[in-house]
Amino acid sequence: MKSEYEKYIVAHIDVLGTKDILKNCKSSNEFLLKLRDIYSAARSEIGNFNKSVQNEFDQQKDGFECKDFNVKTKIFSDNICIYLKYPESNLYSMYITWFMRLIAYYQYYSLFEHRLLVRGAVNIENFYEDDIFIAGLALSTAYEYEAKYAIVPRILICDEFKSDFFAKEKREGIPFTRKDFDGRLFVDYLIYTNRKDKTPKDQLTEHRDILIEKFKEAKEYEHKLKVLLAMIYHNRYCNNINEWDLTHKTGKSIANLRQLGDCSIDITEFLMDNSL
């Protein structure tokens, strides 16, 4: 068995508000069962996603195949590490897009299906994994970004990732990301609010209601503040439809998309009724 570092795309994700969740749960076992359900679902979704990508292309027909697309996970406490071996140059753009799509979906799924806010970071660097443990700069740097810079429920893009991506891709932005007020790129998971079974407005209304519920449930000032900042992201998404949304997401007119602004939260009024 080889014991050496290789280049990987790595996401480190942390569940927020575990103290509050433990206080609201009837027992610590209830919380453990909740986490187990979430991570089991995540593993299942990732497994299905791998198969979908691997079967999407045929080497004879398309000139390449994606049999080595194999996203893996390791779970420790209330953290999850999701990682993919660094792709060959001819597959780079597709693999990055698919990986970022998966991370966006994981954040979306955690909140909409399990009412859990997460934060984290994605990096490209040296990494080692086997059946027992994981280690490397890709993970340690992603952990540092999550702990020091993410602060609110967002998954950041590390500088090493950005440097690697823009050195290879001549395009404006990394797929499934948005720039925040502090200039940092983060995963734009609300892109997933366009589903066949629900309209974007229905999904964003649900997202708004979840955040309001999370704010009211929070016991600590710090957690309430994090939820409040998530509300600001929600409003930005509702009120500032970007080009990606217009051309790839719904295909609807700008006038119809602007109706999503009805789903926004009046922060001033909300804080008058619900103090920090």
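Predicted model: local features only at pLDDT ≥ 70, side-chain atom pairs only at ≥ 80, totals over all residues.
Side chains of opposite charge can pair when their charged atoms come close. By the rule used here, the structure has 14 salt bridges.

Start with glutamate 206 and arginine 115, whose closest N and O atoms are 3.9 Å apart. This pair links distant parts of the chain: glutamate 206 belongs to helix α7 (residues 200-217), arginine 115 to the loop between α4 and β4 (118-129), and 91 residues separate them. Arginine 115 has a relative accessibility of 29%, so this residue counts as partly exposed.

Next, find glutamate 146 and arginine 119, whose side chains meet in a salt bridge of 2.5 Å, N to O. Because glutamate 146 sits in helix α5 (residues 137-150) and arginine 119 in strand β4, the pair ties together parts that are 27 residues apart in sequence. Are these two residues buried or exposed? Both glutamate 146 and arginine 119 are buried.

Glutamate 144 is partly exposed, as its relative accessible area is 33%, while lysine 148, at 51% relative accessibility, counts as exposed.

From charges we can turn to rings. The structure holds 20 aromatic pairs. One of them joins phenylalanine 69 and tryptophan 98 in an edge-to-face arrangement, with 5.6 Å from centre to centre and 85 degrees between the planes. Phenylalanine 69 is found in the loop between α3 (59-62) and β2 (72-76), and tryptophan 98 in helix α4 (residues 92-114), so this pair ties together parts that are 29 residues apart in sequence. What makes both partners count as buried? The cut-off is under 20% relative accessible area; phenylalanine 69 is at 0% and tryptophan 98 is at 9%, so each of them counts as buried.

Elsewhere, ring pairs link Tyr105, Tyr108, Tyr109, Phe112 and Tyr192 into a cluster. Charged side chains can be found over rings as well. Lysine 7 lies over the face of tyrosine 86, 4.5 Å from the ring centre, and lysine 168 lies over the face of tyrosine 92, at 5.6 Å from the ring centre.

Our last stop is an empty space. Rolling a probe the size of a water molecule over the atoms shows where empty space is left. In this structure there is one cavity of 30 Å³ or more, and the largest cavity has a volume of about 40 Å³. Which residues line the largest cavity? They are Ala42, Glu45, Ile46, Leu102, Tyr105, Tyr106 and Tyr109. The elements that give two or more residues to this lining are α2 (28-56) and α4, with α4 giving the most, four residues. Sorted by class, the lining has six nonpolar residues, no polar ones and one charged one. Two of the lining residues, Tyr105 and Tyr109, are also members of the ring cluster described above.

Methods: Residues numbered from 1 in each chain as written. Heavy atoms only, no water. Phe/Tyr/Trp six-rings, centres within 6.5 Å; stacked < 30°, edge-to-face > 60°. Buried < 20%, exposed > 50% of the residue type's maximum accessible area, 1.4 Å probe, protein only. Lys NZ or Arg CZ within 6 Å of the ring centre and 35° of its normal. 1 Å grid on protein atoms, 1.4 Å probe; cavity = no way out; pocket = protein on both sides within 12 Å on 5 of 7 lines; lining within 4 Å. Points joined across faces, edges and corners; volume = space filled by probe spheres on them. Nonpolar A, V, L, I, M, F, W, Y, C, P; charged D, E, K, R; others polar. Salt bridge = Lys/Arg side-chain N within 4 Å of Asp/Glu carboxyl O.
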